[in-house]
Amino acid sequence: MTGEWLDIGAITQIAPGNARTLPVQGGDEIAVFHTLDNQFYALVNKCPHKAGPLSQGIVHGTVVTCPLHNWNISLKTGEALGGGPDELGACVPTIPLRVDAGRIYLLRAAVVGKTAA
Amino acid sequence: MNAPLDMKHVFRGGGDQERLVVIGNGMAGCRAVEEILARDPARYAVTIFGAEPRVNYNRIMLSPVLSGEKAFDEIVINDAAWYADNAVTLVSGDAVVHIDRAARTVVTRSGRVEEYDRLLIATGSDPFIIPIPGRDLAGVVTFRDLDDVERMLSAAERGGSAVVIGGGLLGLEAAHGLSLRGMAVTVIHLMPTLMERQLDEAAGWLLKAELESRGQTILTGADTAEILGEDGHVSGVRLKDGREIPASLLVMAVGIRPATALAKAAGLEVERGIVVDDHMVTSDPAVLAVGECVQHRGACYGLVAPLWDMCRALADHACDTPSGYAGSVTSTKLKVSGIDLFSAGDFSGGEGCEDIVMRDAARGLYKRVVVKDNRLIGAVLYGDTADGNWYFDMLRSGEDISAIREALIFGQAFASGGTQLDPNAAVAALSDGAEICGCNGVSKGRVVGCILGGANTLDAVRASCKASASCGSCTGLVESLLGLTLGGEVARTVKTVCKCTSFTHDDVRRLIVANAFRAIPQVMQELHWSTPDGCASCRPALNYYLLCALPGEYVDDQKSRFVNERMHANIQKDGTYSVVPRMWGGLTNPRELRAIADVVEKFNAPMVKVTGGQRLDIFGIKKEDLPAVWADLNAAGMVSGHAYGKSLRTVKTCVGSEWCRFGTQDSTGLGVQIEQMTWGSWMPHKFKIAVSGCPRNCAEATIKDFGIICVDSGYELHVGGNGGIKVRVTDVLGKVETEAQAMELCAAFIQLYREKAHYLERTAPWIERIGLEAVKAGLFDDAGAVAALAARFAYSQSFMQDDPWAKRAAGEDAELHQHLGEFRPFPAPDLELPAVLEPAA
Ligand code: SRM
Ligand SMILES: Cc1cc2nc3c(=O)[nH]c(=O)nc-3n(C[C@H](O)[C@H](O)[C@H](O)COP(=O)(O)OP(=O)(O)OC[C@H]3O[C@@H](n4cnc5c(N)ncnc54)[C@H](O)[C@@H]3O)c2cc1C
Ligand code: SF4
Ligand code: FES
């Protein structure tokens, strides 16, 4: 799996219920999550509220609670899930991720795309 | 072998039969042949090569053969007569070692060459062996074929103990079999949850508890470093954390890899598996492939159900009536007698998805179905899998379930009851004599009677007839009855921990202690949590309640802690951290100050500030640098100040009798002693203490959780103060004469608060809620209470007072501080940096 997908290491590097980070030179840091159901997701590590580091939040279901002001962010879509006026439509970019034979791959174009801006 | 040549000639009918050669006499290879024969028995002259020296058998039944529940004869699918009757030539015990696509021949190990018109590769999978030292020792086996089972059985005959590496389906079935054969079995599993690909945390926990109760040792989150040996034979394993487990047999069941070597060498397109199209045709139109060795639309399968679908499509194609295979949804059951477990589809939840969870602790049941857009997309069942197939059918058909939505979780029998789709209707249909509350033996009639008699809230019902007042699991039923009897929705009157449960904080605390619960998933199961793994509100609360109830025993659940407590520092708005080392009673010295100054310079901390808690706060430290900062502070004798914790924060002091002209007692010294007694303890919320040397109260002791004001004749003790959002002046608890008494009461008060308050309730609102009299009663009504509480606090503290920073500085939980790697999209050409740097694990 080369080219299109970027191998970022073994799934065992992230314990369930945790997240780890992948800084991108010249771009936004990426947070890679491992849920308690053993699903993996990647988001830009920036809360749509005030840029809190989502990687440091509590993970429950497929949601992470931002450590700064407790917004709940969907790991699947990056959307803020609360009903508040600020939260409507607030969203953080997700990075397509796949797990294959025990390793995690991110879509290279999405990772690099974050550096273009 | 035993090729029935005469039969073959009967079918050959003039020699125009195409020659079909099959590599692999396993489940898929033989089924494909059966499917072809069923469509057109005369079309092909079939030769099957099998590496195993036997006829085709049902591989999945090797588990019951291992455990002794079945004999090999009983699991044979195609006996010798079948091959003969169908004119299929079986060459067993002779593996194909080469495919020559140009010449259209295969060559076997023994040198036999066979020509084909069509070739079918059905080589299955190879067990994966983790590349650790000792993997070649005698006594290391995998679990794939009958030879493996025989190796395990002969080891089991000699007795002793076995280690199974891998807590997936295969590993657990191996462990079960070996344990029934009398071996002492330890399962070593890398992930925290058994069968994590099929189960969620809740079901994984139930499974682990059940296997442990059967005498197996299950080590989750355990990584094997090395297989130990003696005289060339396995003697045990050593884990990465240093633990050693003796064993005379080691079963490696960590996964499988499609067996693609032969296909790859023949130049066929191979990724993870042999790439096939919807008709099971490989990149060479003359070569087909089927079974676990293939990769279809990006997916590889490790279960039999998809093989049956693949074989149908393959046969349709091979007999010129192409249909096409579109991939399979799979479901899993564990074949361990007495354990009912089923999982299918996607149960990762998320928005748009709705989780419906039902737990019945008394019967050991956990059911979870996941619904999205009115369709069932996943199911996990533990304890009762009777409805597994029903859910699986719905899942595969993708039918709209909105009509049975409410009753879905209750299963087929209930959901097809037609008129009773609404659970409220089901409750309405119960007879008056039906028991609602099992704990207190309260019938439906009595509950309704109470409600009609004026008990129009849940609390009132609980108070009048006790229904749902004990374990609480019938709360939902009682609420239904309230709604049915009074009409309309009944507003919830009790404040539950969060939306995941119908229990209050007090209920949960009481039940944890009464039932000796020991783990978060256990509490969730026994107390019927309505979500699979809780939320950001209840997880930290449960973690604290268990920690408080089981000092020294409970293993803290890091992932249930708020970031600051997980990182042992305070997160800032820019994602950096602030670091506050303890300065006992506000005292410091040149060595500490120098170390702080050095840290500020060395790590370029942009700010250092004197806090309102009489100590120094270093700002702007990156998570990667925290362990190094702590190491430097530790070296100067400083430990964590817990400025981040629901825990003892500071003990603020004034200068007291040592220097102050008004000081009556040594307030500074007493403050230091108190801080040394109380630091490190986890509390429902943060806790602040102050000691002032006289009533001028320079340490602001009257707005602290626990405050001491020294007077000539002794010490005035104050509780429940708060200088924060809502200022509250302390209540006076009493007066004592000696430092020792002051300290004992301080410890007793803290322990009472630790054991009674709700999580995230500071002492001020706690005392407002329960009243000062209740606090005094808890401390003074029983003559021995103060001493007993203080002793419990001291016992708990004996496990708490090791500096969390020191452990991190020494390398514990290093992954919390390190990045996964760094991505450099535009590597500097002269540096030749790889695109991603992966830190050594
Ligand atoms: C650093 C400090 C301010 C300072 O520069 O002086 C501070 C900083 C914070 N306070 Fe405070 N409080 C600080 C002393 C106080 C005091 C004064 C005191 O303790 O004497 C109070 C009022 C007294 C009290 O607590 O009763 C105080 C009342 C609060 C409150 C309101 C608590 C309440 O029950 O109403 C919060 C919010 C909370 O805890 O939920 C809070 C929360 C915070 C947080 C943790 C906000 C947050 O969640 O990020 C701030 C963390 C900054 C950081 O990274 O360090 N801080 N905070 C003080 C640290 C003391 C220490 O050495 O540990
Ligand atoms: C112990 C156990 C329990 C299982 N339980 C379940 C279960 O409960 N449910 C479920 O759905 N699945 C289960 N499985 C998985 C299931 O058995 C497989 O999915 C299925 O057997 C795959 O069929 P296959 O034909 O692709 O491979 P196999 O059945 O492995 O057949 C491949 C055959 O090819 C032979 N072969 C390989 N290379 C060559 C060569 N070069 N020349 C000649 N022959 C060769 C092999 O020796 C083997 O006999 C279990 C598996 C095991 C081992
Ligand atoms: S008062 Fe406390 S919480 Fe508010 S800004 Fe200052 S430090 Fe932060
Ligand atoms: S920055 Fe995430 S909730 Fe405010």
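This is a predicted model: local features need pLDDT of at least 70, side-chain atom pairs count only at pLDDT 80 or more; totals for chains, interfaces and linings use all residues.
View 1. At B:Ala51, a backbone N or O atom is 3.0 Å from a nitrogen atom of the ligand. B:Val96 also takes part: one of its polar backbone atoms lies 3.0 Å from a nitrogen atom of ligand 2. On its own, ligand 2 has 980 Å² of accessible area, and the protein covers 91% of that.

**View 2. The shell around ligand 2 counts 30 residues.** The closest are B:Ala28, B:Glu52, B:Arg144, B:Glu292 and B:Lys335. By class, 16 residues of the shell are nonpolar, eight are polar and six are charged.

**View 3. Several elements of chain B build the shell around ligand 2.** Helix 2 (27-39), strand 2 (44-50), helix 6 (169-180) and helix 9 (304-318) each give at least two residues. Helix 6 of chain B has the largest share, with three residues. Two domains of chain B contribute: domain 1 (7-126 + 258-318) and domain 2 (140-254) each supply at least three residues of the shell.

**View 4. A salt bridge joins B:Glu201 and B:Lys559.** Their closest N and O atoms are 3.9 Å apart. B:Glu201 belongs to helix 7 (residues 201-213) of chain B, while B:Lys559 lies in the loop between helix 18 (538-549) and helix 19 (563-567), so the pair ties together parts 358 residues apart in sequence. B:Glu201 counts as buried because its relative accessibility is 12%, under the 20% limit. B:Lys559 is buried too, at 17%.

**View 5. B:Glu210 and B:Arg214 form a salt bridge.** The closest N and O atoms of this pair are 2.8 Å apart. B:Glu210 is partly exposed, with 27% relative accessibility. B:Arg214 is also partly exposed, with a relative accessible area of 31%.

**View 6. The side chains of B:Asp355 and B:Arg368 meet in a salt bridge.** The N to O distance is 2.9 Å. B:Asp355 lies in strand 25 (residues 353-360) and B:Arg368 in strand 26 (residues 365-372) of chain B, 13 residues apart. B:Asp355 is partly exposed at 26% relative accessibility, whereas B:Arg368 is buried at 1%. Salt bridges with shared partners join A:Asp37, B:Asp200, B:Asp355 and B:Arg368 into one network. Over all chains, the whole structure has 51 salt bridges.

Methods:
Residues are numbered from 1 along each chain as its sequence is written. Chains are lettered from A and ligands numbered from 1 in the order in which they are written. Side-chain values use heavy atoms; hydrogens and water are left out. A residue is near a molecule or strand if one of its heavy atoms lies within 4 Å of it. A polar contact is a pair of N or O atoms within 3.5 Å; within protein, one must be able to donate a hydrogen and the other to accept it, and residues adjacent in sequence count only if both atoms are side-chain atoms. Accessible areas come from the Shrake-Rupley method with a 1.4 Å probe; for residues, only the protein chains shown count as cover. Helices (H or I, at least four residues) and strands (E, at least two) are DSSP runs, numbered from the N terminus. Ala, Val, Leu, Ile, Met, Phe, Trp, Tyr, Cys and Pro count as nonpolar, Asp, Glu, Lys and Arg as charged, and the others, Gly among them, as polar. Domain bounds come from an automatic or database domain assignment. A salt bridge is a side-chain nitrogen of Lys or Arg within 4 Å of a carboxyl oxygen of Asp or Glu. Buried means under 20% relative accessible area, exposed over 50%, partly exposed in between (1.4 Å probe, protein chains only).
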